Amino acid sequence: MKLARIALAIGLVAALSTAAASSAAQGSRASSTLKIGISLSLSGDFSDSGKAAMRGYNLWRDVVNAHGGLLGHPVKLKILDDTSSPTQVVSNYQNLITKDKVAFVFGPFSTLLTAPAATVANRYHYAFIEPAGGGPAVFGEKLHNVFFTQPAPIIDSADVFAHYILSLPKSLRPKTAAYPSLDDPFASPIADRVRTLLEKKGIRTVYKTIYPAETTDLAPIVSKYAAMKPDLVVGGTQNNDAYAQIKAMIQLRFSPKFLFFSNGPNDPAEFPSKVGPQNVNGIFSSGDWFPQSKAPGNKAFVAAYAKKYGKGPIDPTSPEAFAAGQVLQLAVAKTHSLDNGKIITALHKGSWPTVEGVLRWNSIGEPQGSDLLVEWVHGKLYPVYPKKIALHAPFAPKPPWGKG
Amino acid sequence: MHLVVQACILGVLTGGVYALMASGLTLVFGVMRVINVAQGALVILSAYLSWALFTHFQVDPFLSVLIVAPLIFALGVGVQLVFIRSLRSEQAEELSLLITWALALGIEGVLGAVYETTYRATNTSYANSAWTIFGYQVSVVRAYAFGLCVAVLVLLYLLLARTRFGRSVRATVQNPSSALLLGVNADRVRALAFGIGVSTAAAAGAVYGVLYPFNPGSHYDLISRLLSIVVLGGLGSVAGAVAAALMMGVVEAVVAVEISPVWSSFSYFVVLVAILLLRPQGFFGARERTL
């Protein structure tokens, strides 16, 4: 571990010094600014996340410019608003590439917008390093210029929970399970994967359902599976339906031994206020980034973020965007080149240390790592599995509501 | 059986809240033939106001109704006086759709700018408590919400049935021209009725925030439900709206439990279509007289 860190440090120093050397060699031309184009949802449905991505990108720009830019060129970001629209995002990238002639592009927010945007970038042979398009629609295009800067594709995000359950001695494992999931390409497939893994090892499915997105009232569904008293509840969810299920469970006085939701409990800022801080303990979720994560450079990132934007919760979209910048920075340093083709080739090999962990990709841009399993312990969210990244041991069974 | 009864309890409690929102909508339609598609947005606006009062000043959401409802009432009267009154009566139905739709989008836009798109929920200390009655769990907030809705509906009923103002409202619903001839101040009745109609949204909005997370875009889902409730109950009939809302709540909850949540909204719409085929005027709607 220590050796690896030293090696990494040497590598970074070497990279920076070569960058400095080459900038010196290039003389006056090197000081010209280098434009990077990004389309973000600064208005519309995804504007909160779009702005979080912008904070991450801007912070990266400050950091990279403080270290001499890319091969000596100061970096300037050209950010256009796509109003959360998948058609606007296409024309934005068209304009950035053909009119503004930006040197590089980074991805927008969400799979919905990343999929069409990646196709545009691919047409012009631009590398498409993107922080927020991790759904099947993006990888389904099988583009070789895509690099998703999170540890795992979204639908694999709960595999880590299945691995944790199966790591338990048989006597402690749950015997029965319920899988209530949202009808959404980012939700129900996550739970399906967990179900397949657990069924294979003999954990019996007593209930599964997929409820439509417009279901605001989840109490009837919860009352149905509560009556079957499963040991484990795994929900492929977005935030709201997870909150609603938990509230209904509390009201129906049903507390399973293990409880996992793919989204909702992994939001440290919102979750306690939505279900009550006394009810969070023992609930599992998974995620790609946490403030206390031991990923390379994360501590410095968190400090720099607090300095620029103030203390307070960090939306994971910000470090995801920051990581996209880091990946480009490392690739430029490694190839000594600002050529998109060379960067694409380089990124398909090796692994890349970022605040999102050490990333590597297959040929279509799917990251080959694993998300972190997180659990609420004494009112705080901790990474608990796999062991090497854990900041707290996982605990089970879940205490009753209001306890622990 | 246990599950079905539990589902019916949940359904009735949920239906009560929808009944309140829909009663205002149907009242407004009855009095002035205005389909207020901003009703859902006003519910969400009220949910935000009561959330803000709770978060910043610790005002209980059920008490905040006393502050939010008059504000929304004033807003409603203002909107009626400024925008809706000037419509010529033969176009009022169509144009009012546009105006109230613009109002809905305006409210959504302002809320989006002020509060962003993050989902909010009003979490009181009793938000997750429940009573156990004969082995059935009855959520405290849902019961309170239901109680509040019943109370407001009773007030609304008394206002319409027992007061002079109520008589003028009903007269205007039944026959606007005769009401006018008999000295009813139709403009005043319309403005006040619009105000009252939207303040039911305010009361329901305060409790909506306690029951469900909401964001500025939540009103689209709401208004489609509310319109279907109003149509099923019979346009203009408050009692019909209440019956239809309760039916929707129960059908959806029972289907979700007994069959699958996938079919719950769908089966409500099947019932809606079936009833409209048999009774095109809805439960309590007056049959249109044809010549």
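Helices and strands here are DSSP runs, numbered from the N terminus. The model is predicted.

**Figure 1. A:Leu71 sits in the loop between α2 (47-66) and β2 (75-81) of chain A.** A:Leu71 is not a glycine, yet its phi is positive, about 50°. Most residues other than glycine have a negative phi. The residue counts as buried, because its relative accessibility is 6%, and the cut-off for buried is under 20%.

**Figure 2. A:Lys229 lies in the loop between α8 (219-227) and β8 of chain A.** This residue also is not a glycine and has a positive phi, here about 45°. Its relative accessibility is 61%, so A:Lys229 counts as exposed. The cut-off for exposed is over 50%.

**Figure 3. Strands β1 and β2 of chain A run parallel.** Seven bridges join the two strands. One facing pair is A:Ile38 and A:Ile79, the latter in β2(A). Strand β1 covers residues 34-40. Six of its seven residues are buried, and the strand is mostly covered.

**Figure 4. Seven strands of chain A form an open sheet.** Their order is β7-β6-β8-β9-β10-β13-β14. The pairing is mixed. Strands β7 (204-211) and β14 (380-385) stand at the edges. Each has a single partner strand, so one side of each is left without a neighbour in the sheet. From one strand to the next, the twist averages 25°.

**Figure 5. Helix α9 (residues 239-251) of chain A packs on the seven-stranded sheet.** The helix touches β6, β7, β8, β9 (258-261) and β10 (283-287) of chain A. Its direction makes about 155° with that of β9(A).

**Figure 6. Strands β6 and β8 of chain A pair in the parallel sense.** Strand β6 spans residues 176-182, and strand β8 spans residues 232-235. Two bridges connect them. A:Ala177 has A:Leu232 of β8(A) as its bridge partner.

**Figure 7. Helix α6 (residues 159-167) of chain A has six named positions that are buried: A:Asp159, A:Val160, A:Phe161, A:Ala162, A:Tyr164 and A:Ile165.** These buried residues pack against one helix, α7 (188-200), and against strands of chain A. The strands are β8, β9, β10, β13 (372-377) and β14.

**Figure 8. Two cis peptide bonds are shown, one joining A:Tyr385 to A:Pro386 and one joining A:Ala396 to A:Pro397.** Most peptide bonds are trans. At A:Tyr385 and A:Pro386, omega is about -5°. At A:Ala396 and A:Pro397, omega is about 0°. A:Pro386 lies in the segment after β14 of chain A. A:Pro397 lies in the segment after β14 of chain A as well.

**Figure 9. Helices α1 and α6 of chain B cross at roughly 65°.** Helix α1 covers residues 2-32, and helix α6 covers residues 164-174. Their axes come within 6 Å. From α1(B), the contact uses B:Leu27, B:Gly30 and B:Val31. From α6(B), it uses B:Val169, B:Thr172 and B:Val173. By class, four contact residues are nonpolar and two are polar. No charged residue takes part.

**Figure 10. B:Ser139 belongs to strand β2 (residues 136-139) of chain B.** B:Ser139 is buried, with a relative accessible area of 5%. Leaving aside neighbours within four places in sequence, B:Ser139 is in contact with A:Gln251, B:Ser129 and B:Ala130. B:Gly195 is 56 residues from B:Ser139 in sequence. In space, the two are 31 Å apart, C-alpha to C-alpha.

Figure 11. A disulfide needs sulfur atoms within 2.5 Å. B:Cys8 counts as partly exposed, at 27% relative accessibility. B:Cys149 counts as buried, at 1%. Over all chains, the disulfide count is zero.

Definitions and conventions
Residues numbered from 1 in each chain as written. Chains lettered and ligands numbered in written order. Predicted model: local features only at pLDDT ≥ 70, side-chain atom pairs only at ≥ 80, totals over all residues. Heavy atoms only, no water. Pairing = 2+ DSSP bridges. Helix = DSSP H or I, 4+ residues; strand = E, 2+ residues; numbered from the N terminus. Axes fitted to C-alpha atoms, helices over the stretch in contact; angles between N-to-C directions. Contact = heavy atoms within 4.5 Å. Nonpolar A, V, L, I, M, F, W, Y, C, P; charged D, E, K, R; others polar. Buried < 20%, exposed > 50% of the residue type's maximum accessible area, 1.4 Å probe, protein only.
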